[in-house]
Amino acid sequence: MKALQYSVVVLPKLDNEAEIQRLREKYDPGFYQIRPHIPIILPFTPATIDELQGISDYISVSRRKLHARAISFHECIESGDRLFFVVDQGKGDIMALHHALQGCEVTSLVSEGDYEPRLMLGRIPDPEQRGLALREAQTIGRTLGIVDSVSMLRISPHGELKLVANYPFGIGRVDHFHHLRA
């Protein structure tokens with residue numbers, strides 16, 4: 001059985017979020033789990049609760065030096081069973097956030113070309129429905145967003161996503177939604 005995993009994401013505030021959510025509700029069976037998000041740290045499995053707490057503490061300290069960033073999206077693409085918006089403006093800022101939160105030098109383990117920041121719109125298992133959703137998403141036009149916090153997600157062995165904590169930029173507050181557990 002697959003292990004419980006965690007991921008660090010940003011949940012940008014989008015100017016046309018209502019339109020995007022209507023599209024997601026129509027096509028994505030798991031739309032209710034979480035808003036559209038940009039993975040910053042790809043899924044990982046902590047060995048212990050102490051390791052997970054250490055990661056949470058590191059994120060909490062690191063994000064205090066960060067400030068809100070404006071981003072935009074225009075092109076929607078399909079990758080596997082998911083739809084993504086490609087980051088047009090602000091890609092460098094999201095890449096810098098990714099590097100800042102990795103916490104260590106990982107050049108021997110991860111190639112720089114492996115990370116591509118994209119806004120995950122939804123997972124649509126049915127290819128025909130995914131094609132319809134892609135065509136609708138391409139009519140949305142330019143989407144503007146603000147990134148002003150990072151969040152930690154818990155990913156169940158069955159793929160269910162739960163928001164664990166939110167770390168607003170520049171302040172000491174952490175909003176916990178679920179307890180950390182390894």
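**Exercise 1.** How many aromatic pairs does the count come to?

*Solution.* The model is predicted, so local features need pLDDT of at least 70, side-chain atom pairs count only at pLDDT 80 or more, and totals for chains, interfaces and linings use all residues. Residues are numbered from 1 along each chain as its sequence is written, and side-chain values use heavy atoms, without hydrogens and water. Rings of Phe, Tyr and Trp (its six-membered ring) pair if their centres lie within 6.5 Å; planes under 30 degrees apart are stacked, over 60 edge-to-face, the rest tilted. The count is three aromatic pairs.

**Exercise 2.** Classify the pair Y6 and F44.

*Solution.* The ring centres are 6.4 Å apart and the planes stand at 35°, so the pair is tilted. Y6 sits in strand β1 (residues 5-10) and F44 in strand β3 (residues 38-44), 38 residues apart. Strands are DSSP runs of E, at least two residues, numbered from the N terminus. Next, accessibility: buried means under 20% relative accessible area, exposed over 50%, partly exposed in between (1.4 Å probe, protein chains only). Y6 has 0%, so Y6 is buried. F44 has 17%, so F44 is buried.

**Exercise 3.** Classify the pair F31 and Y32.

*Solution.* Centre to centre, F31 and Y32 are 6.1 Å apart. Their planes make 85°, and the pair is edge-to-face. F31 has a relative accessible area of 23%, so F31 is partly exposed. Y32 reaches 58%, so Y32 is exposed.

**Exercise 4.** Which residue lies over the face of F84?

*Solution.* A charge sits over a ring if NZ of Lys or CZ of Arg is within 6 Å of the ring centre and within 35 degrees of the ring normal. R118 lies over F84, at 4.2 Å from the ring centre.

Terms used. Helices (H or I, at least four residues) and strands (E, at least two) are DSSP runs, numbered from the N terminus.
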